[in-house]
Amino acid sequence: MAQTTSGELDERVLGRRWTVRLDAADRGSAAVRISCSRPSCIAQRLPSAAAGRAAAAAHLQAHLRAASGPRAEAYCACKAEDCHAHARPDRRGERPEPWRCGGAVVLAVLSDRAGRWWRAMECCSRCASATPGAKIVSTAAPAPAPVLSSGTRAADGRPSTMPASAQFSHSPSPAADAQRVPATRPAPARSRHRQKKIAQRVIPYNLRPVELRDELIELGDLFRAYQQRPEPDLALLADLHARKARAFATWADATGDTRLRLDGQRAEQAATAARLQHQQRTGEGTDADGPVVPRLLTGPAHWEHARSVLDHATANSPLPGPEARLLVVMLTLRTAHTGVGNLVGQDLTGLGLTDPEHLTEQLAECGWLSIPGTVGDLLASRPENPTPIAVPSLTPRPDTPSPFTFGKKLRPKLSGWAQRVVTDKKLRKLKASANTRLLALTLATRTSADGQLGPSGEGITLEPLTSWCAVDPVELRDLANQLTTADWLTDAAVTDTHLTGRLTERVLPLTCPLP
């Protein structure tokens, strides 16, 4: 394309441009949609992104084959978008300058790095070379310039206003300049030096000592590699957290950043917890005789959360009595994270309640529980069609913090653990009452590591125990006898101040030992 002025653009035609886009067809689906800027092209739907990219490239190639090639009389299609050639680098806010075009008209193709769109356009060779990533497909032949009376040709096919004496022999001809196509400017290369990170913190490139920086970089790589493991290795994770704690402490000393020291303390706590879980699962590094118990809830944090639910039900149960307390505990575990959950009739009838329908109606009438229909519909619901329930007091609010600190992934584990305890096969075979099941659930959270009642095996004080189970001390002896019959307790004894004994080995996997 020869050098032009803004008045000459009126005598030329706008360059053609085709854009093919690849977009998601539906939310949550892998299907994609292909659309073309040409009005006559109909959108296509493909099952995957790979198939969509292939179809989009083929669609653009079809347009290129059907096109007649670049036209010498066209001016840049990119001028309307302030390309690098039309706008000066130091004055990006100015209007594009049409006289900055130069060279032959070409047909250029460029695409998005992410593979979301492809574009072909007619433009001058200068604009094509200034566009990152553009590739020239074909070049237009120069238009023949009319011969002037002086024997010279105009560069753009119009009479030249330059006198013949101004044509110097050493100056290149405009036609020859029009045929020269500048090389395509390559796409800007990405930075070679990527930022190194650990725990979402950027490791400064000038951190000293160098050994500390190398250790942090290596730890970041090891943590990322651990996240890709198909199976967890708690011993390895504990070692990584311990190394991270030492490295962050040194980093904090070198920079004086208190947040780094706090991160190091948290890493040390994580190392302790991971090592304890590993010992409990494998028995390595423990002084206990015999095999280690494979508990349903695997760590001290889980055990504390289980105890927090029982304490919350004790303080916030809307109705008195052990049956209401047990039902409140189970419903709280179903709705603890968001205040809503699902329930079926078997969840209520399997708790040993005397009248589950009447008790559920009482909870709904006092406003503690909300159900969409009647209690009869709830009791008749099946697993394939559960009934949604809600506990308004557990619904998160901006001004009221949640009474629990565990997340949505731990909630079903705690609910499953409680369900396993209260529906134990020997308790069901004995047709144990709700009082007995609530005592079994409470004792499971108040034992030592080997199953002895109390933190050190000295037993559980009666006053808090009767408060947790909502029973009188007189009833406690009969309930302990029922648990002994159900092979839950052994060597049980009720004194004036304590309940002593030990949980049987059969139920040790369901226990939550005290610290």
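## The open sheet

In what order do the 6 strands of the open sheet lie, and is their pairing parallel or antiparallel? In this predicted model, the order is S4-S3-S2-S7-S6-S8, and the pairing is antiparallel. Strand S4 (44-46) and strand S8 (135-139) form the edges, each pairing on one side only. On average, neighbouring strands of the sheet are turned by 20° against each other, direction ignored.

Strand S2 (residues 17-24) and strand S3 (residues 32-36) run antiparallel and are joined by 5 bridges. Asp23 has Arg33 in S3 as its bridge partner. Helix H1 (residues 49-66) packs on this sheet, where it touches S2, S3, S4, strand S6 (105-111) and strand S7 (117-124). The direction of H1 makes about 170° with that of S2.

## The chain as a whole

The protein chain contains 16 helices and 15 strands. It has 515 residues, of which 41% count as buried. Among contacts in the chain with a separation of 6 or more, 61% are between residues 24 or more positions apart.

Ala380 and Gln346 are 34 residues apart along the chain, and their C-alpha atoms are separated by 8.5 Å. Ala380 belongs to helix H11 (residues 375-380). With a relative accessibility of 57%, Ala380 counts as exposed, because the cut-off for exposed is over 50%.

## Two packed helices

Two packed helices are described by the angle between their axes and the distance between the axes. Helix H14 (residues 434-444) packs against helix H16 (residues 473-485) at an angle of about 80°, and their axes are 10 Å apart. H14 and H16 are therefore roughly perpendicular to each other, since angles of 65 to 115 degrees are placed in that class.

On the H14 side, the contact involves Asn435, Thr436, Leu439, Ala440 and Leu443. These residues meet Glu475, Leu476, Leu479, Ala480, Gln482 and Leu483 in H16. By class, the contact is made up of 7 nonpolar, 3 polar and 1 charged residues.

## Cysteines

How many disulfides does the structure hold? The number is 0. A disulfide is a covalent bond between the sulfur atoms of two cysteines. For Cys124, the closest cysteine sulfur is that of Cys127, at 3.3 Å, which is too far for a bond, because the cut-off requires the sulfur atoms to be within 2.5 Å.

Cys124 has a relative accessible area of 0% and is buried, whereas Cys366 has a relative accessible area of 42% and is partly exposed.

## Backbone features

A cis peptide bond joins Arg208 and Pro209, with omega about 5°. Pro209 lies in the loop between strand S10 (201-202) and helix H4 (210-227).

Positive phi values occur at two residues described here, Ala470 and Asp491. Ala470, a residue other than glycine, has phi near 55°. Ala470 is placed in the loop between helix H15 (462-469) and H16, and its relative accessibility of 23% makes it partly exposed. Asp491, which is not a glycine either, has a phi of about 60°. Asp491 is part of strand S14 (residues 489-494), and with a relative accessible area of 65% this residue is exposed.

Note on methods
Residues are numbered from 1 along each chain as its sequence is written. This is a predicted model: local features need pLDDT of at least 70, side-chain atom pairs count only at pLDDT 80 or more; totals for chains, interfaces and linings use all residues. Side-chain values use heavy atoms; hydrogens and water are left out. Axes are lines fitted to C-alpha atoms, for helices over the stretch in contact, and angles run from 0 to 180 degrees between N-to-C directions. Helices (H or I, at least four residues) and strands (E, at least two) are DSSP runs, numbered from the N terminus. Angles under 35 degrees count as roughly parallel, over 145 as roughly antiparallel, 65 to 115 as roughly perpendicular and the rest as oblique. Contact means heavy atoms within 4.5 Å. Ala, Val, Leu, Ile, Met, Phe, Trp, Tyr, Cys and Pro count as nonpolar, Asp, Glu, Lys and Arg as charged, and the others, Gly among them, as polar. Buried means under 20% relative accessible area, exposed over 50%, partly exposed in between (1.4 Å probe, protein chains only). Two strands pair if DSSP finds at least two bridges between them.
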